[in-house]
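These notebook entries record what I looked up in the structure shown below. They are written for a reader who meets it here for the first time.

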Amino acid sequence: MAGTTTVLVTGASGLVGAEVTARLTAAGHTVLALLHSNGDLVRNNGRKLTPGPGALIRITGDISRPGLGLTPDDRHIVATADRIVHCAAVTDFGLPEERYENINVTGTRHVLDLALAGRTPLVHVSTAYVCGERDGTAREDELDVGQRPGNAYEKSKLTAETQVRKAAAEGLPVTVVRPSIITGASRTGRVRDFKTIYPVLKVLTRGLVRTVPGHYDAALDLVPVDRVADLVTEAATRREDAEGLTLHAVGHELTLRDFSDVLAEYPSFHVPRFVPPSAFSASALPDRERPYYGRIISLYDTYFRRRIHFDDTQTAAFSGSPAPAGGRPYLRRLLDHCLRTGYLGVASSHKPTTARPDGRTL
Amino acid sequence: MILTEDHLQSLLDKSLAELPGGTEWAVALEGSIAEGFGNSTSDIDFLLIDRSENDLPTMPSLLFVDGHRVEIRTRSMGQLADQFRMLEEGAKRPGRLSEDLLNRCQRLLHSHPLRGHALVDEAKAMLPLERFRRITVDWWAHRARQSLRHAMALLCLGETDESVDWSRAGLVQTVKSWAAELGETYLEPKWLPMQLDRAARPDVRDRYWELAAVAPAPGDVGAARDHLTACLAFAEDLGLTGVPWRTERLTVERAAGVTTWQTGERVHVIRGRREVFALGDRAGAVWRSLVLGRPLPQVLAASADTGVADPGPRLAAFLRYGLIRLAWKGGGTVIPSLPLAAPPGPVTPPPSTVQPLLSVHGAAVSGPDGIDLVPLPADRFAAATMALVWSNVVVENAVEDLTGALERGQWRVAELTARRALHAALRGLFSAHGVNPLPADFDLARRMDLLPPAARPIQARAEELLRRTVDSAESGDALLAELRACVALVRNTVGAGAFPSSFDSADTWRATLELGYDWLRIGAYLDAELPIEEARDLLASSGVQPHQAA
């Protein structure tokens, strides 16, 4: 097919990787899907990916190993790639620091080695949260402005993107796509993996943690997975337009006030009380809440403090579509999907309380 | 017709004589008499048609002619064309099609011309009768579905008698839809017997009357179920689709603008950002068990799991008050309605009369099953409760200050802090009764006339204490003791729920702070006037108990 290319996609079984792979093969491109293990590629809608008309070639590898751990035969196949889309990363929070180092930093180093060897244009999937812990507007042309990363994940992605920039300075054609918090599909709210913000929503709406340190005007940016996949695919297929750009793949900016107000629309949900971080003490939490706070909520504390806005001027100009509006309706779609699947539901306890004498209960 | 042509022409002449002249009207008789129904008490309804495009008055004129009540409406051809156009546009969504519009069109299309026959015929030709029949069939069928689905839901919820009434409504609407297919489109249900007689289908007529005559005993679930089953079967036989007896197709959905806010253990539901419902413990537990989007039987089972006996009526009340919505899978929101009745929509119950109205935990309730409408607009409710929480804090704070001032012999400081404490207690007292915004501090004691008589004894005591001066340790200690007694009196009057002792321990202080945050959260949602700045100072204090003796 004229105009088609061969694209190596790392992390092709991941949420974004599978969607990018589906889009590329649907457009007639050949995808070399780098996979850490065997298994079906599953799309965000839960269905097995059916490639075509472009071909899908599975390649087993491990980005944390030099040469991506490829066999000599696979190395030859990978060398035919016209582009590399680097989606592979660990995005879970709370893992040992070396996991982020191995996959996100060293893994990116190895992908860069491959790209530099063949001067193969690279689309690197980073995160908008390389901006670190700060308030205000994060621009697409900024990277290291002395910010403090919010956690080990952000630190690793900042280091990885810095490596990518260095390679770009050495002449490698590079596009960086920085998604914010990737969540369900724009129209349906559907999501394959209940990761990132989802466990937080579960703990909070079930009332397992009722007091959270955060500012009501702190903002979380939730981007639909389809928007991210569209943008990454476009960056890979419109190489010349995309080269040198950093694109904020951002979506719906929702403040904690938005979360609070929308969660309140669901009778079974608990709405957390956000308290100023300076007034919060984990040790003052009730015994039943503290473990949930420690295991889940504390990993996301940093996002409840930032009053951050991601400028997406370059993205809007490149893709012709600015970040979507309608954050609250989108959040409802996400929550409704969670209810439909049973991921979210009733609070942890909804038995009527026994009568207590007024006033002395404080 | 029950009136002869001559009689009608005579009535028309006399009626037109009472109207300003100058217009060449075409005239048609419309309504029940034109339809072939009517009796000696029926109105005579004349429609006067003007060829112009002008807008003529909508309000009819009422005349009394020869012992008849004569109603005269005027419409231009332009208005009639608009009327038919709106009907066609609205026909796509029968649930939203106005009953009045449908009625107006029906009456014209079935009218009897008396003058200017050509113009009357021209007006009628704007909408083919067949098309109108179809619109009417769909309109009644839509209503029949809504009523029968609602009846199913109510039966599921244990509201047996109400279910029977909606089954009956669905029965009438089904038969009206069926009759419309045969050309019997007159809307008013009271002429249904004559329509059925004219339809010349005695089998249908007899079965209808048989079902209409069924009167299940109040609370007889079995009989109500049998009645609904028979109505559904009859409806199906008459060609009504979309009403299989499948309650799992009924789902409980979010009602727009309804939010839930819990403070302490009290569940508040705010409707349309305006009205606050305070739920008693059992009603609150049922509410909290609601998972939106789930089938009604599943929702009912989940609410039964809360341990609340017979949760159905509570769910039915939520539905009645518009706090939740019921939908039929593939059929949208279930909105039952009766023709010629109040428009469908949420019911608003009378406001709660429980006193005092508020505590720091929220609104008072009438009992564990209460779904009580707070007699305050939502923003005032939030503002008053926040003021109440805040006044608690200030009382405690000021009493601590007073103690410190007395220890150091600062008599004038002691006087001022005593007044501050007293004013704060009075602010709490007013807030607990829902007064908001509050009178100025110096006016609080005088404005006790706003409060119920039970609060009056506080007035004299407060006025006396506010005048009190301190010039010695003895008079200071006496003031402190009496101030504490007065605060205790306020607490006794409004209940400890309004005035807990926030500073008794670290735990009670932390709980007070959490209540403060809870109220801030609601206040933010409502954009209410709250003592935010002061409260933020408090809330940002890391939960440290202020003014605690070292």
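This is a predicted model: local features need pLDDT of at least 70, side-chain atom pairs count only at pLDDT 80 or more; totals for chains, interfaces and linings use all residues.

**Entry 1. Chain B as a whole.** I looked up the secondary structure of chain B and found 19 helices and 14 strands. I then asked how the radius of gyration of chain B stands against the globule rule. The radius is 33 Å, well over the 24 Å that the rule gives for 550 residues, so chain B is more spread out than a compact globule. The C-alpha atoms of chain B fill a box of roughly 105 × 60 × 40 Å along the principal axes. I also recorded that 47% of the 550 residues of chain B count as buried. Among the contacts in chain B with a separation of 6 or more, 67% are between residues 24 or more positions apart.

Entry 2. B:Glu89 lies in helix H3 of chain B, residues 77–90.

I then turned to B:Val175, which lies in helix H7 of chain B, residues 160–181. With 28 other C-beta atoms within 10 Å, B:Val175 is buried. Leaving aside neighbours within four places in sequence, B:Val175 is in contact with B:Leu192 and B:Tyr208. B:Val175 and B:Leu196 are 21 residues apart in sequence, and their C-alpha atoms are 8.7 Å apart in space.

Entry 3. I followed strand E7 of chain B, residues 258–263, and found 6 of its 6 residues buried. B:Val258, B:Thr260 and B:Gln262 point one way from E7(B), while B:Thr259, B:Trp261 and B:Thr263 point the other way. E7(B) pairs with strand E8 of chain B, residues 266–271, in the antiparallel sense over 6 bridges. Opposite B:Trp261 stands B:His268 in E8(B). The two strands form a hairpin with 2 residues between them. In the turn, B:Gly264 has a positive phi of about 60°.

**Entry 4. The parallel sheet of chain A.** I traced an open sheet of 7 strands in chain A, in the order E3-E2-E1-E4-E5-E7-E11, with parallel pairing. Strands E3 (56–60) and E11 (246–249) of chain A stand at the edges with a single partner strand each, so one side of each is left without a neighbour in the sheet. The twist averages 20° from one strand to the next.

Within this sheet I looked at E1 (residues 6–10) and E4 (residues 83–86) of chain A, which pair in the parallel sense over 4 bridges. The bridge partner of A:Thr10 in E4(A) is A:His86. Helix H3 of chain A, residues 97–118, packs on the sheet and touches E1, E4 and strand E5 (122–125) of chain A. The direction of this helix makes about 175° with that of E4(A).

**Entry 5. An alternating strand in chain A.** I asked which side chains of strand E12 of chain A, residues 252–255, point to the buried face. Strand E10 of chain A, residues 219–224, is joined to E12(A) by 4 bridges, and the two run antiparallel. A:Leu222 has A:His252 as its bridge partner in E12(A).

**Entry 6. One side of a helix in chain A.** In helix H9 of chain A, residues 290–300, I listed the buried residues as A:Tyr292, A:Tyr293, A:Ile297 and A:Tyr300. They cover an arc of only 90° around the axis, which puts them on the same side of H9(A). An α-helix has 3.6 residues a turn, so residues three or four places apart point the same way. The buried residues of H9(A) pack against helix H5 (197–205) and strand E9 (211–213) of chain A.

**Entry 7. The largest nonpolar core.** I asked which of its 263 residues touch the most other members. They are A:Val9, A:Val16, A:Ala33, A:Val232, B:Ala421 and B:Ala425. The largest share of this core, 18 residues, comes from helix H14 of chain B, residues 378–407. Beyond neighbours within four places in sequence, B:Ala425 is in contact with B:Ser391, B:Val395, B:Cys486, B:Val487 and B:Val490.

Notes:
Residues are numbered from 1 along each chain as its sequence is written. Chains are lettered from A and ligands numbered from 1 in the order in which they are written. A residue is buried if 20 or more other C-beta atoms lie within 10 Å of its own, exposed if 12 or fewer, and partly exposed in between; C-beta atoms are placed from the backbone. The arc is that of the directions from the helix axis to the C-beta atoms. Two residues are in contact if their C-beta atoms, placed from the backbone, lie within 7 Å. Two strands pair if DSSP finds at least two bridges between them. Axes are lines fitted to C-alpha atoms, for helices over the stretch in contact, and angles run from 0 to 180 degrees between N-to-C directions. A nonpolar core is a set of buried Ala, Val, Leu, Ile, Met, Phe, Trp, Tyr and Cys residues joined through C-beta atoms within 7 Å. The radius of gyration is taken over C-alpha atoms; the globule rule is 2.2 Å times the number of residues to the power 0.38.
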